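Take a look at the sequence and the fold below.

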Amino acid sequence: MDNLSKLSEMLDSLMFEHEINLTQLANEVGIDATTIGRYLHSRYTPTVANLVKLADYFQCTTDFLLGRESENYPTVFYSCPPFSEQLKVLKEHFNCPWWNFYKTAHISSSRFYEWKNGTRTPTLDCIIFLADGFGCTVDFIIGRTKQ
């Protein structure tokens with residue numbers, strides 16, 4: 001199962017558990033109902049910001065919402081810093097050169113430097129590549145949790 005179908009399945013399950021419909025969820029999290037519908041039908045990958053909004057609403061980790069973890073462990077969540085700032089934290093934590101980040105994320109060096117300079121943010125797929133490559137959670141990569 002790919003990330004989109006896992007997200008779709010988890011989102012549907014959480015909506016059922018919380019007895020909330022698509023329109024109600026859209027109003028609660030501030031994401032257009034059509035967009036959430038696309039997530040539910042595996043037609044659209046959410047932005048990192050929208051994934052965090054959904055995870056915050058359901059009080060779960062982004063990894064649980066993506067189906068990367070089978071249980072939602074109690075966790076302290078933090079506001080995600082700008083990704084350019086989080087990159088510095090990650091570099092220090094993993095003690096690796098900058099080139100390792102763009103290699104791990106499967107992107108060009110120019111795209112990486114746009115992240116580093118704060119002119120562009122990574123896609124969810126790139127965040128997942130980083131989490132997989134560094135053996136950590138998506139929440140840690142985006143700064144939502146501390147390792």
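In this predicted model, D32 caps the N-terminal end of helix 3. One of the side-chain oxygens of D32 lies 3.0 Å from the backbone nitrogen of T34. Helix 3 itself runs over residues 33–40.

Which residues of helix 3 are buried? They are T35, I36, G37, Y39 and L40. The cover over these buried residues includes helix 1 (3–17), helix 2 (22–29) and helix 4. Just after helix 3 comes S42, with a positive phi of about 55°.

Q59 is not a glycine, yet its phi is near 50°. N95 is not a glycine either, and its phi is about 50°. The table sets out where they sit.

| Residue | Phi | Loop between | Relative accessible area |
|---|---|---|---|
| N95 | about 50° | helix 6 (83–94) and helix 7 (98–105) | 69% |

**The nonpolar core**

Now go inside. In soluble globular proteins, nonpolar side chains tend to be buried together. Here the largest nonpolar core has 46 residues. Which members touch the most other members? They are L11, L25, I36, L65, F101, W115 and I141. Helix 9 (residues 124–134) gives the most to this core, with 7 residues.

Follow L11 for a moment. Leaving aside neighbours within four places in sequence, L11 is in contact with L25, I36, Y39, L40, L54, F58 and L65.

T62 belongs to helix 5. T62 is buried because its relative accessible area is 0%, and buried means under 20%. What does T62 touch, not counting residues up to four places away in sequence? Its contacts are L51, V52, A55, V138, D139, I142 and R144.

F83 is in helix 6. F83 counts as buried because its relative accessibility is 9%, which is under 20%. Beyond its neighbours within four places in sequence, F83 is in contact with W115, P122, I127, L130 and I141. Two of these, W115 and I141, are among the core members that touch the most others. From C-alpha to C-alpha, F83 and D56 are 18 Å apart in space. In sequence they are 27 residues apart.

**The largest pocket**

Last, find the largest pocket. How many residues line the largest pocket? There are 17 of them, and T47, V48, A49, T121 and P122 lie nearest its centre. P122 is also one of the contacts of F83. The volume of the largest pocket is about 330 Å³. Helix 4 and helix 9 each supply at least two residues of its lining. What classes make up this lining? It has 12 nonpolar, 4 polar and 1 charged residues.

Note on methods:
Residues are numbered from 1 along each chain as its sequence is written. This is a predicted model: local features need pLDDT of at least 70, side-chain atom pairs count only at pLDDT 80 or more; totals for chains, interfaces and linings use all residues. Side-chain values use heavy atoms; hydrogens and water are left out. Helices (H or I, at least four residues) and strands (E, at least two) are DSSP runs, numbered from the N terminus. Buried means under 20% relative accessible area, exposed over 50%, partly exposed in between (1.4 Å probe, protein chains only). Contact means heavy atoms within 4.5 Å. A polar contact is a pair of N or O atoms within 3.5 Å; within protein, one must be able to donate a hydrogen and the other to accept it, and residues adjacent in sequence count only if both atoms are side-chain atoms. A nonpolar core is a set of buried Ala, Val, Leu, Ile, Met, Phe, Trp, Tyr and Cys residues joined through side-chain atoms within 4.5 Å. On a 1 Å grid over the protein atoms alone, a cavity is a set of points where a 1.4 Å probe fits but cannot get out, and a pocket is an open set with protein on both sides within 12 Å along at least five of seven lines; lining residues have an atom within 4 Å of a point. Grid points are joined across faces, edges and corners, and a volume is the space filled by probe spheres set on the points. Ala, Val, Leu, Ile, Met, Phe, Trp, Tyr, Cys and Pro count as nonpolar, Asp, Glu, Lys and Arg as charged, and the others, Gly among them, as polar.
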